[in-house]
Amino acid sequence: MLDISLLRKDLASVIASLEKRKSPQPFLDVDRFQSLETERKTLQTRTEEMQAQRNSLSKQIGALKGRGEDTTTLMAQVGGLGEQLKASAERLEAIQTELSQLLMALPNMPHASVPVGADETANAEVRRWGTLPSFDFTPRDHVDLGAPLGLDFDLGATLSGSRFSFLRGPVARLHRALAQFMIDLHTEEHGYTECYTPYIVNREVLEGTGQLPKFKEDMFWVTRGGDVTQPEQYLISTSEISLTNSVRGQVLGLDQLPIKLTAHSPCFRSEAGSAGRDTRGLIRQHQFDKVEMVQIVHPDHSEAALEEMVRHAETVLQRLGLAYRVLLLCSGDMGFASSKTYDLEVWVPAQNTYREISSCSNCDTFQSRRMQSRYKTAQGKNELLHTLNGSGVAVGRALVAVLENHQNADGSINVPPALRPYMGGLEVLKP
């Protein structure tokens, strides 16, 4: 959430920054915001005047009572002021609620270093790594390669509908090996603490990281026992949600920073608005696994932390022998909560293109303001933390990349050396 004082001090600059995101409609109803702000200031001024008047009258009443004189008229005036103050307080609360709702709908402002553009065509390529694989046969896609290894989309659809999959045997083992390899890499070499988090969270937790209220249709939600009178709970779309909210409402000491957390979890996404996109295979599923990285840091260190997280995600791909490129996303292609994002795109031979496999973002104070997550400065003042998150990486997409990039003409798959300890030393995966 943006700092409302920024809008109050320089609304034009905030609007100009948000417009770099190229939304098809304005993010903020400026007229409504200004109307509410004008009413708020008028009410606050009037409230202060009435409080001062009531205090003055109370002193007069005390003096009259001390002299044994009649206070009926002044008492009536105090009573009338009390009713007006109550009405003003109720209206101020309603205004603050509506202002908060307006703020909750606003995305983060792009960092100054982010290129301005409307969509992915304006993203800036930062670097590439690896050599694209060369085959002396026509490479097959992961759907065809995976079927003899136990990748079953038909059974997934029978059990749960479209965009679900069922993994068994060799491909299930490879999927597990990928997740274990990533978790071990991040905990043993990159300094993250492994976590196991709830997969179902409360509404306010999603508000804290920015998925709600704007993106409810992208979520799956449940009610306990079907009781619609109970608050909804939501299946996580990423463990970023639960990891970042682990410092919700806390004031941390400087000696506790930075906090580096990682978790392997399933992720659930309704993929609202993505009809017709990537319907074949594992690229866009309603349920998939991901190893997530989260850092919670001092504001002075968040830019360096972002670069570090990108290197951590790159290490995963390098150890797996997968060619990739790093992109700095433009203002129009970033996520709602992000001020700056790098995407890693891995080479997918069957599609003859790079596809996103990791996204690393600096959210600065956007999430911590919603969560009220702060740290205590050396001077004893409470300040907002900076939060960052990154895929480290998407397990299903890594499975796609390993199958396609390391395939052989007979349909077998060369197991990358980094995964062999998790595969019982197996070097080749055969149908």
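This is a predicted model: local features need pLDDT of at least 70, side-chain atom pairs count only at pLDDT 80 or more; totals for chains, interfaces and linings use all residues.

What share of the contacts between residues at least 6 apart in sequence join residues at least 24 apart? I looked it up for the protein and got 72%.

**Overall look**

I checked the secondary structure next and noted 12 helices and 18 strands. For the extent, I boxed the C-alpha atoms along the principal axes and got roughly 105 × 45 × 45 Å. The protein has 431 residues, and 49% of them are buried. I also wrote down the accessible surface, about 20,200 Å², with 48% of that belonging to carbon and sulfur atoms. On charges, I have 46 positive and 53 negative, and their mean positions sit 3 Å apart.

I then turned to the second largest pocket, which holds about 290 Å³ of space. Its lining has 16 residues, and Ser165, Leu167, His175, Gln287 and Asp289 are the closest to the centre. Which elements give two or more residues to this lining? I found helix 6 (153-160), strand 3 (166-167), helix 7 (169-188), strand 10 (287-297) and helix 12 (395-405).

**Two loop residues**

Thr71 was on my list, and I found it in the loop between helix 3 (30-66) and helix 4 (72-104). Is Thr71 buried or exposed? Its relative accessibility is 12%, so I put it down as buried, the cut-off being under 20%. Setting aside neighbours within four places in sequence, I see Thr71 in contact with Ile61, Leu64 and Lys65.

Pro198 sits in the loop between strand 4 (193-195) and strand 5 (200-202). Not counting residues up to four places away in sequence, Pro198 touches Ile236 and Ser242. I also took a distance from Pro198 to Ser339: they are 141 residues apart in sequence, and 27 Å apart in space from C-alpha to C-alpha.

**Cis peptide bonds**

I noted a cis peptide bond between Leu257 and Pro258, with omega at about -5 degrees. Pro258 is in the loop between strand 8 (251-252) and strand 9 (259-268). Another cis bond joins Gly392 and Val393, where omega is about 10 degrees. Where is Val393? I place it in strand 16, residues 386-394.

**Positive phi outside glycine**

Asn352 is not a glycine, yet I read a positive phi of about 55 degrees there. Asn352 lies in the loop between strand 12 (340-348) and strand 13 (353-362). I call Asn352 exposed because its relative accessibility is 58%, and exposed means over 50%.

Asp364 also went into this entry, with a positive phi near 40 degrees in a residue other than glycine. I found Asp364 in the loop between strand 13 and helix 11 (366-371). Why does Asp364 count as buried? Its relative accessible area is 17%, and anything under 20% goes down as buried.

Definitions and conventions
Residues are numbered from 1 along each chain as its sequence is written. Side-chain values use heavy atoms; hydrogens and water are left out. Helices (H or I, at least four residues) and strands (E, at least two) are DSSP runs, numbered from the N terminus. Buried means under 20% relative accessible area, exposed over 50%, partly exposed in between (1.4 Å probe, protein chains only). Contact means heavy atoms within 4.5 Å. Accessible areas come from the Shrake-Rupley method with a 1.4 Å probe; for residues, only the protein chains shown count as cover. Lys and Arg count as positive and Asp and Glu as negative; His and the chain ends are not counted. The place of a charge is taken as NZ of Lys, CZ of Arg, CG of Asp or CD of Glu. On a 1 Å grid over the protein atoms alone, a cavity is a set of points where a 1.4 Å probe fits but cannot get out, and a pocket is an open set with protein on both sides within 12 Å along at least five of seven lines; lining residues have an atom within 4 Å of a point. Grid points are joined across faces, edges and corners, and a volume is the space filled by probe spheres set on the points.
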